[in-house]
Amino acid sequence: MELNEIGDLSVDQFTRFARLIHEKTGINLKEHKITLLSNRLRRRLRALGLRDFDDYYRFLTKPGADEELVRFLEAVTTNETYFWRTTQNFEMLREEILPELLRQFPGQTLRFWSAGSSSGEEAYNLAIELTEGMKKNGVFEFRIEATDISQQVVDFAREARYSGRKIEKIPPAVLNRYFRPDDASPGHYIVRNDLRERVSFRVENLFESTVRDAHCVFCRNVMIYFQRSDQEILVNRFYQALRPGGFLIVGHSESLFMMSTPFEARNLKNGVAYWRRPREGA
């Protein structure tokens, strides 16, 4: 049987793989993703020369399969993203959150965490917005930590080289100011070096994060992949990662409503942000 003749995962097969994904990443894959998962796993069957999904599951769970487990998780967790996605979040940062952080923490290097950073667009987008924010707020220092579970996308992000749909929403003036054309590859653009130096990428599972003392956490369109109990665990990890007075920004399709969390919701002009209230007397 040719690989393109292999049908989708059965419900039982999907359940086994979904359980493994949840065990390793916390991601709760819904059954309506069965076709998506089937398509992504076929690529691994092709790469390994295996005949069916059951063979692949046995290969994946045998001792010494750590390298393939990494490739499996990369195949099933990597999602497309692009610059200037949900610009209201960045407008909220620039117009409301950044000025407040500068008032609360004068003279400090502001630390941002791009959690679930994928291929780096969000982290570099943050760097651009913060640099632009100096025009109104004056010069300040900042650093951005960007983490993702996939080594593949972290390596891509470190290259800081983008093209096509990833850059098509960037305003032309911003593209000219903060990117340079890649002379070796027409249509590709590389993030300016001084921005790249402010962003550090590393591989890390969100549920095992070591980030601390952040002033602001961006985690957008990530929690939608987790079940409610795991979302609460993750949100409380974000709370611990933030300094008192810091902010959490999530995607517009995400909310902390009905979660057991110490965050305080702040209704701002450009959306809702979640705030770790400063200590009494601070």
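Trainee: Across which strands does helix α10 lie?

Mentor: The model is predicted, so local features require pLDDT of at least 70 and side-chain atom pairs count only at pLDDT 80 or more, while totals for chains, interfaces and linings use all residues. Residues are numbered from 1 along each chain as its sequence is written, and side-chain values use heavy atoms, with hydrogens and water left out. Helices (H or I, at least four residues) and strands (E, at least two) are DSSP runs, numbered from the N terminus; angles run from 0 to 180 degrees between N-to-C directions of axes, which are lines fitted to C-alpha atoms, for helices over the stretch in contact. Helix α10, residues 228-241, runs at about 140 degrees to β8 and lies across β1, β7 and β8.

Trainee: In what order do the seven strands of the open sheet stand?

Mentor: Two strands pair if DSSP finds at least two bridges between them. The pairing in this sheet is mixed. At the edges stand β6 (199-203) and β9 (264-268), each with a single partner strand, so one side of each lacks a neighbour in the sheet. The order is β6-β2-β1-β7-β8-β10-β9.

Trainee: Which residue in β10 stands opposite Phe-247?

Mentor: Strand β8 (residues 242-250) and strand β10 (residues 271-275) run antiparallel and are joined by two bridges. The residue opposite Phe-247 is Trp-275.

Trainee: How are α1 and α2 oriented to each other?

Mentor: The axes of helix α1 (residues 11-25) and helix α2 (residues 34-48) come within 11 Å and cross at roughly 80 degrees. Angles under 35 degrees count as roughly parallel, over 145 as roughly antiparallel, 65 to 115 as roughly perpendicular and the rest as oblique. Helices α1 and α2 are therefore roughly perpendicular.

Trainee: Which residues of α2 make the contact with α1?

Mentor: Contact means heavy atoms within 4.5 Å. From α1, the contact draws on Val-11, Phe-14, Phe-17 and Ile-21. Their counterparts in α2 are Ile-34, Leu-37 and Leu-41.

Trainee: Which residues in α3 meet α2?

Mentor: The axes of α2 and helix α3 (residues 53-60) cross at roughly 75 degrees and come within 10 Å. On the α2 side are Ser-38, Leu-41, Arg-42, Arg-44, Leu-45 and Leu-48. In α3 they meet Phe-53, Tyr-56 and Phe-59.

Trainee: What percentage of the residues in the chain is buried?

Mentor: The chain has ten helices and ten strands. Buried means under 20% relative accessible area, exposed over 50%, partly exposed in between (1.4 Å probe, protein chains only). Of the 282 residues, the buried ones make up 51%.
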